[in-house]
Amino acid sequence: MFRFGFIIALEMASLSGCMKSNPNDQHDCIALVREFHGAAGPWAVAGFRIGERALKELNLPRQSFSLAVVHYSPAEVQYSCIADGVQAATGASLGKLNLRIESAAVDDLRTVVEDRKTGRRLTFKLQPKFVQSILDVPTDKLESEGQRVAGLPDDEIFTFAETTSSSNAEK
């Protein structure tokens, strides 16, 4: 029993990622995003932060089959990178059929995360000021911007609203 609890504690510590202001936690977050996405740019780190917050708010563990995620985005790098960050944080995936990417205009950029068992649904939207700060970051500045995003408070990155639903993640 102790060993099982210890393993769970280690996994939870590794998932606490960017939400804390400890530089080691931010480093772990950046490392996880980089490992999954290939780089730790600001859009992917923002997605990771959204995924972390969604799991916390919904009280779900990483890899939960109860989780359903729909990312609404233009089919353009930057905006679509958010989905990789959410996937890295939550464990939702295309193969498990609990992650979808739907085409949407930039004005409708959002990520919807739902607990299918309870019907609780969270809709995340990036703060306009935050988007302006990371829009078209030069390639040589992506990592430093990702580091900056890792240290920001959630409310500077995104807003979210909760609703309940009887359907999957969103139509």
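**A tour of the sheet and its helices**

Begin by selecting helix α4 (residues 81–90), which lies across β1, β2, β3 and β4 and runs at about 165 degrees to β1. The model on display is a predicted one.

Next, select helix α3, residues 42–58. Helix α3 lies across β1 (67–73), β3 (110–115), β4 and β5, and its direction is at about 155 degrees to β4.

Now hide the helices and display the strands alone. The sheet is open and consists of 5 strands in the order β2-β1-β3-β4-β5, with mixed pairing. Colour β2 (99–103) and β5 (158–164): these strands stand at the edges, and because each has a single partner strand, one side of each is left without a neighbour in the sheet. Viewed from strand to strand, the twist averages 20 degrees.

In general, the strands of a sheet pair through backbone hydrogen bonds, in either a parallel or an antiparallel sense. For a specific case, select β4, residues 120–126, together with β5; the two pair in the antiparallel sense over 7 bridges. Within this pairing, centre the view on Phe124, whose bridge partner in β5 is Phe160.

For the last stop, move to strand β1 and select Ser73, which has its place there. Is Ser73 buried or exposed? Its relative accessibility is 2%, and because buried means under 20%, Ser73 counts as buried. To view its surroundings, display Tyr79, Ser80, Glu102, Ser103, Ala104 and Leu109, which Ser73 touches when residues up to four places away in sequence are not counted.

Note on methods
Residues numbered from 1 in each chain as written. Predicted model: local features only at pLDDT ≥ 70, side-chain atom pairs only at ≥ 80, totals over all residues. Heavy atoms only, no water. Pairing = 2+ DSSP bridges. Helix = DSSP H or I, 4+ residues; strand = E, 2+ residues; numbered from the N terminus. Axes fitted to C-alpha atoms, helices over the stretch in contact; angles between N-to-C directions. Contact = heavy atoms within 4.5 Å. Buried < 20%, exposed > 50% of the residue type's maximum accessible area, 1.4 Å probe, protein only.
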